[in-house]
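Work through the exercises below with the sequence and the structure open. Try each task before reading its solution.

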Amino acid sequence: LTKVNTDNQGNVLISGIYGVAADLDTGPTTQTVSNYGNFDFFLVKLDCNGSFLSHIQQCNHLYALYRQ
């Protein structure tokens, strides 16, 4: 977990990095993301009640290319 913030609609935005597969959904369902580099970036958007809305993930391309 790197940073937590809110947007103008009161949604919660959480950003960070992960190094293994991670479930970004805060509820009973799953939103699993795999890592493609050493540490990949994520951004999760939750509503004001903490329910999962969406996510973005970004590969650490430089490390992924270095490993190949």
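The model is predicted, so local features need pLDDT of at least 70 and side-chain atom pairs count only at pLDDT 80 or more, while totals for chains, interfaces and linings use all residues. Residues are numbered from 1 along each chain as its sequence is written, and side-chain values use heavy atoms, with hydrogens and water left out.

**Exercise 1.** List the elements of the chain in order and state what share of its residues is buried.

Solution. Step 1: count the DSSP runs, taking helices as H or I of at least four residues and strands as E of at least two, numbered from the N terminus. This gives 1 helix and 6 strands. Step 2: read from the N terminus, where the order is β-β-β-β-β-β-α. Step 3: apply the burial cut-offs (buried under 20% relative accessible area, exposed over 50%, partly exposed in between; 1.4 Å probe, protein chains only). Of the 68 residues, 25% count as buried.

**Exercise 2.** Find the strands that pair with strand 5.

Solution. Step 4: the hairpin of strand 5 and strand 6 has 5 residues between the strands, and G50 takes a positive phi near 90°.

**Exercise 3.** Sort the residues of strand 5 by face.

Solution. Step 1: in a regular strand, side chains alternate between the two faces of the sheet. Step 2: in strand 5 (residues 40-46), D40, F42, V44 and L46 make the covered face. F41, L43 and K45 make the uncovered one. Step 3: F41 also belongs to a nonpolar surface patch with I17 and F39, with about 290 Å² of accessible area together. I17 lies in strand 2 (residues 12-18).

**Exercise 4.** Describe the surroundings of D47.

Solution. Step 2: look for a salt bridge (a side-chain nitrogen of Lys or Arg within 4 Å of a carboxyl oxygen of Asp or Glu). D47 is buried but has none, and the nearest side chain of opposite charge, K45, is 11 Å away. Step 3: list the contacts (heavy atoms within 4.5 Å). Leaving out residues up to four places away in sequence, D47 touches N11, V12 and L53.

Definitions and conventions. Patches are made of residues with over 30% relative accessible area and no salt bridge: like charges are joined within 9 Å, nonpolar side chains (Val, Leu, Ile, Met, Phe, Trp, Tyr) within 5 Å. Accessible areas come from the Shrake-Rupley method with a 1.4 Å probe; for residues, only the protein chains shown count as cover. Two strands pair if DSSP finds at least two bridges between them. Lys and Arg count as positive and Asp and Glu as negative; His and the chain ends are not counted.
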